[in-house]
Structures are given as C-alpha cells and as structure tokens.
Amino acid sequence: MNAKKRLAIWNADIIWCHAKNILTNYSVVTADDKIIDVLPTDAAKNKYSKSIVYEFEKSIIVPGFIDCHSHFELTSLHEFYRYSNLFELMIASGQWHRNSSLDDIVKSCRVGQQKSINNGIVYSVDWVSCLFKKERYVNSKIVLPMLEIIDPLGIKYSSQKLYCDFDEYGLAPHSLYMVDMKTLSKAFAYANKLISMHIAEDSSETLWINKHCGSLFEHCKKESSISCINKYYTNFFDLLSDSFCASPGVIYVHGVNLTDCDLDTIKAQKSYLCLCPESNLALTGETVDFNKIIKKHIDFLLGTDSYGANYDIISNAQILLSRTDCDKYFLANKILNALTKTAAKAIGLENCLGSVEIGKNATFLIMSYNNPSKSKDVVAYNIITSGKIKKIIIDGEVIY
Ligand SMILES: [Zn+2]
C-alpha cells in the first residue's frame with residue numbers, strides 16, 4: 001500500500017452497486033481519487049486501520065448522477081422566468097447568445113454548474129461548453145466540449161452556430177432547426193461521428209418534416225432561414241440518413257412523437273434516447289410515450305435541458321415514474337441505471353463513472369435512506385421518490 005495515499009472509509013447502511021443485490025454493512029474505501037475496495041465495514045476497519053472513517057447513519061451510497069443534456073449557459077437567463085412555449089424560449093435564448101458578453105455567459109454557466117452539483121450531478125453533457133474550449137471545471141466535469149467551427153469547413157454563421165469538436169469527439173449540432181440541412185450534410189461528411197442531437201422535440205417538428213408546415217416551420221422561417229427541407233420525410237431517420245451515416249452510440253435528445261420506425265432505428269443503431277420530460281412538458285405540454293420506450297427496450301438516458309440547471313434530474317426521474325403503467329419498482333431500477341451506469345457508457349466513461357466499484361473514480365453521493373429493504377427495485381424507488389442528498393464526493397473530495 002502506498003503510504004502517501006490518502007485513505008478514507010465511507011460507511012453507510014447500504015451501498016448501491018450494479019451486482020444483483022444491494023450491499024448492507026459494507027464500506028467503500030477510497031485512496032485519493034479512486035475507489036480501491038468495497039468490503040464489509042468490519043473488515044475495512046481492520047485492513048485499512050490508518051484511514052479516516054466517515055460514518056453515515058440511515059444512508060445509502062449511490063454513484064453520482066450524469067445529466068446527458070444540459071444548457072448551463074441558460075441558468076441565469078431562466079432562473080426567474082418560465083417561458084410559456086418553445087418559441088418564446090428560442091427567441092429569448094437567441095437574443096441572450098447574441099447580446100451577452102462571454103463573461104456573462106461564463107458567469108451563468110458557473111451558477112448552473114453549482115446548482116447542478118447540488119442536485120447530485122457529477123457529470124454533464126453541456127451543449128455550450130464550446131465556449132470554454134477544453135477547460136475543465138473545478139470539481140465537476142463538463143464533457144463533450146463542442147467547439148465552434150467556422151474556418152475548418154469554410155462555413156460562416158451569423159446567428160446560428162454549429163458546435164462540435166471534430167478531432168476528439170465528433171459532431172454535436174444542437175438540432176435540426178439550429179442548422180440547415182446543407183450545412184449539416186457538409187459537417188457530417190467532415191466529422192468522424194455524430195455524438196448528440198435533438199430530434200422530435202415536439203409534434204410541430206414532425207409536421208415540419210412531413211408536410212413543411214406548422215408552428216416550428218413558421219417560426220424558423222421568420223427567425224432564420226432554416227425552414228427549408230427539400231423533401232417530405234415520413235421519419236426522422238430517413239431525413240438524417242440523407243445527410244450522414246449513423247454510427248452507433250449517438251445520443252438523440254427528446255424523441256417526442258417519434259414513429260415506431262424511428263424508435264426501431266435507434267434500437268438497431270445501438271443508440272440512446274435522452275429524455276427531458278420536465279423541459280418538454282413546460283415548453284410544449286407533451287413528452288415521450290415512456291411505456292413505448294420501455295416496451296421497445298430502448299436504451300434511455302435523462303437530461304435537464306432548457307432551464308439550465310434550474311431543473312433537477314431527480315424530478316425528471318419522478319416524472320417518468322409517474323407516466324407509466326409498468327411496475328414502478330422495476331422501472332425505478334431502470335431509471336437509476338439510466339442516470340448512472342447507462343449514462344456512463346453512453347458518454348464513453350464507463351471505466352471511471354456510473355457505479356460504485358473498485359478501480360472507478362471516488363465519485364458518489366451519500367443519500368438519506370429511511371426505508372430499508374432487501375429488494376434492489378424497492379431501494380431504487382425510494383432513492384428516486386424520497387432520497388435526500390447528504391454529501392457529494394467527487395474524485396475523493398467532499399464538495400458538499
Ligand atoms: Zn437542448
């Protein structure tokens with residue numbers, strides 16, 4: 001054992017792990033920023049006698065949550081006001097992007113980052129982290145820096161910007177209505193792969209691609225020139241496949257009103273659907289048919305989306321739980337996986353995040369836990385419906 005390593009034993013009543021069962025009377029042992037052991041508490045205290053011991057009663061240790069679609073820069077903008085619909089938000093955030101200084105946006109992102117951490121989110125796929133290039137935030141990591149590309153493709157934008165990082169990750173345009181198809185095709189041809197993209201945020205988007213009409217079509221026509229699609233498409237993937245070759249593992253965001261055919265394509269592509277029900281309901285009054293997503297065994301993730309970090313990822317999980325006729329306990333387990341293990345895999349960080357396991361980052365939450373149960377499904381249900389965060393540990397540091 002390396003004497004220089006700072007050792008800590010984290011003892012809670014229950015540990016959420018990704019084995020079939022939960023662990024009771026176990027401890028997590030960390031050294032610096034890694035988990036080095038998970039073993040019964042008595043054995044841990046013997047084996048690592050020189051450690052700092054943290055004891056938490058009526059508590060559970062769970063992996064930190066991963067938010068697969070956020071907009072930190074909008075946190076301050078949306079802190080005090082809820083927009084009545086998607087279009088109002090798009091106009092306001094467009095103005096905000098155009099009129100704010102980089103400092104203002106950085107400040108808003110910082111507020112968002114802190115709120116997000118307080119909600120137990122240890123990793124965010126943040127659309128506008130492009131503004132920070134590859135800067136890493138203290139304590140929380142913002143992945144997928146999506147750089148603003150202008151010169152490499154010879155494309156210039158005025159109000160619309162296409163964000164991506166070609167060399168390391170691939171392409172992450174925000175949505176169909178932020179970038180015109182011609183540009184998108186060109187960018188797809190250049191990028192290694194597509195990482196993440198909105199599709200079907202509301203039903204008017206479907207109307208736009210099907211019939212070239214409807215409220216989103218009219219909005220885009222008025223606000224930008226991006227209303228023009230030169231063909232009628234019945235499915236989103238027909239449209240997308242005209243422009244790029246889908247690679248596995250893309251994170252498609254929203255997916256409200258997708259056709260069965262689109263959902264089957266996501267499944268066949270081994271891609272993910274990131275659900276943002278709280279944002280959807282606030283902006284459009286509709287959200288995904290969660291029963292269908294479960295029945296089709298789609299790998300889903302969760303995102304906070306439009307109100308920056310003013311939305312809590314757990315309240316999104318609660319909305320999904322309330323909108324299904326499947327077994328709630330079984331589903332709670334699936335949702336908790338979506339927030340942790342599935343998300344870590346989707347962002348390519350399954351070796352360091354997503355579960356409480358030896359070798360992974362010492363990044364986890366200590367949550368209050370009042371209803372002991374031996375059933376993992378019931379424990380998951382209690383975490384989502386009544387768990388309160390007591391402590392947040394990121395890379396071995398107590399940060400909350
Ligand atoms: Zn978004």
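Me: In this predicted model, a residue is buried if 20 or more other C-beta atoms lie within 10 Å of its own. Is tryptophan 16 buried or exposed?

Reply: Tryptophan 16 belongs to the loop between strand 2 (14-15) and strand 3 (23-24). Around tryptophan 16, 23 other C-beta atoms lie within 10 Å. The cut-off is 20 or more, so tryptophan 16 counts as buried.

Me: Which residue lies 46 places from tryptophan 16 in sequence and 5.2 Å away in space, C-alpha to C-alpha?

Reply: Leaving aside neighbours within four places in sequence, tryptophan 16 is in contact with residues including Ile22, Ile60, Val356 and Val379. The residue at 46 places in sequence and 5.2 Å in space, C-alpha to C-alpha, is valine 62.

Me: Which strands stand at the edges of the open sheet of 4 strands, and why is one side of each left without a neighbour?

Reply: The order of this open sheet is 13-14-15-16, and the pairing is parallel.

Me: What percentage of contacts between residues at least 6 apart in sequence join residues at least 24 apart?

Reply: The protein chain has 14 helices and 19 strands, and 48% of its 400 residues count as buried. Among its contacts between residues at least 6 apart in sequence, the share joining residues at least 24 apart is 66%.

Notes: Residues are numbered from 1 along each chain as its sequence is written. This is a predicted model: local features need pLDDT of at least 70, side-chain atom pairs count only at pLDDT 80 or more; totals for chains, interfaces and linings use all residues. Two strands pair if DSSP finds at least two bridges between them. Helices (H or I, at least four residues) and strands (E, at least two) are DSSP runs, numbered from the N terminus. A residue is buried if 20 or more other C-beta atoms lie within 10 Å of its own, exposed if 12 or fewer, and partly exposed in between; C-beta atoms are placed from the backbone. Two residues are in contact if their C-beta atoms, placed from the backbone, lie within 7 Å.
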